[in-house]
Amino acid sequence: MTEPEEPATSPERLVLFTDAVAAIAITLLILPLLETLADIEPDVTLPELIHENLPGLAAFLLGFAVIFRFWWGHHRVFGHVSRLRPTIVYWSGLWTLAIVMLPIQTALITHFDTSSGTVALYCGNLVLASGSLAVLSIYVYRHPELCAGRTPLPRDEVISNLAVVVALLLALVIGTVFPRVNFWALFLMFLSGPVHRLIRTRWRGKQPVA
């Protein structure tokens with residue numbers, strides 16, 4: 001039995017909604033810095049201002065890069081989707097929840113000392129965002145009928161999303177277990193390239209021989 005589909009449902013509304021959520025989330029990241037600028041003392045110099053707010057600036061840049069990366073990944077998947085199903089809406093909704101939470105968690109890691117708890121909270125949310133996007137891409141890949149009239153989702157796009165999940169899971173474990181590493185573990189995202197190649201090689205190895 002195939003999954004029920006709403007014939008009048010187009011992915012465009014969902015794409016517009018998630019795009020707007022990502023844009024608002026990025027905008028919310030800058031608000032704490034704007035509030036800081038509004039409360040500047042007259043005798044504070046620019047170098048002093050930057051030095052005092054360096055953690056907040058770093059958190060903003062990190063949050064911006066993360067949201068932009070996830071938005072682009074989500075946008076790339078939906079570039080191949082021409083029909084919606086409830087499963088797609090569900091996983092996209094879970095992805096949207098993770099994006100909405102990022103400005104809140106960015107504010108938390110700015111105002112609280114770095115600890116295993118803050119690392120687990122932030123990295124755990126990144127795993128939620130990347131994991132839901134990976135499951136979404138797998139579902140679209142396995143149901144090419146959802147891409148009718150468009151190019152089917154390529155396998156490399158699925159592998160790329162899976163590689164990010166693996167890298168973030170490693171960052172979550174290492175950053176939580178080893179407090180001195182903390183958020184530096186997010187640099188493990190640079191391993192997504194080698195992980196991508198490893199998954200692609202193993203995936204090819206499992207293909208049936210003609």
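This is a predicted model: local features need pLDDT of at least 70, side-chain atom pairs count only at pLDDT 80 or more; totals for chains, interfaces and linings use all residues.
Tryptophan 71 and tryptophan 72 form one of them, with 5.8 Å from centre to centre and 45° between the planes, a tilted arrangement. Tryptophan 72 has a relative accessible area of 39% and is therefore partly exposed. Both tryptophans belong to a cluster in which ring pairs link Phe60, Phe64, Phe68, Trp71 and Trp72.

Tyrosine 122 and phenylalanine 183 make up another aromatic pair, which is edge-to-face, with the ring centres 5.9 Å apart and the planes at 85°. This pair links distant parts of the chain, since tyrosine 122 lies in helix 5 (residues 116-142) and phenylalanine 183 in the loop between helix 6 and helix 7 (192-205), 61 residues apart. Tyrosine 122 is buried, at 0% relative accessibility. Phenylalanine 183, at 16%, also counts as buried because the cut-off is under 20% relative accessible area.

The model contains 0 disulfides.

Helix 6 spans residues 155-177, which makes 23 residues. From its first C-alpha to its last, helix 6 reaches 33 Å, close to the 33 Å expected at 1.5 Å a residue. The buried residues of helix 6 include Glu157, Asn161, Val164, Val165, Leu168, Ala171 and Gly175. An α-helix has 3.6 residues a turn, so residues three or four places apart point the same way. Ile159 and Ala163 are also among the buried residues of helix 6.

Terms used
Residues are numbered from 1 along each chain as its sequence is written. Side-chain values use heavy atoms; hydrogens and water are left out. Helices (H or I, at least four residues) and strands (E, at least two) are DSSP runs, numbered from the N terminus. The expected span of a helix is 1.5 Å times one less than its number of residues. Buried means under 20% relative accessible area, exposed over 50%, partly exposed in between (1.4 Å probe, protein chains only). A disulfide is a pair of cysteine sulfur atoms within 2.5 Å. Rings of Phe, Tyr and Trp (its six-membered ring) pair if their centres lie within 6.5 Å; planes under 30 degrees apart count as stacked, over 60 as edge-to-face and the rest as tilted.
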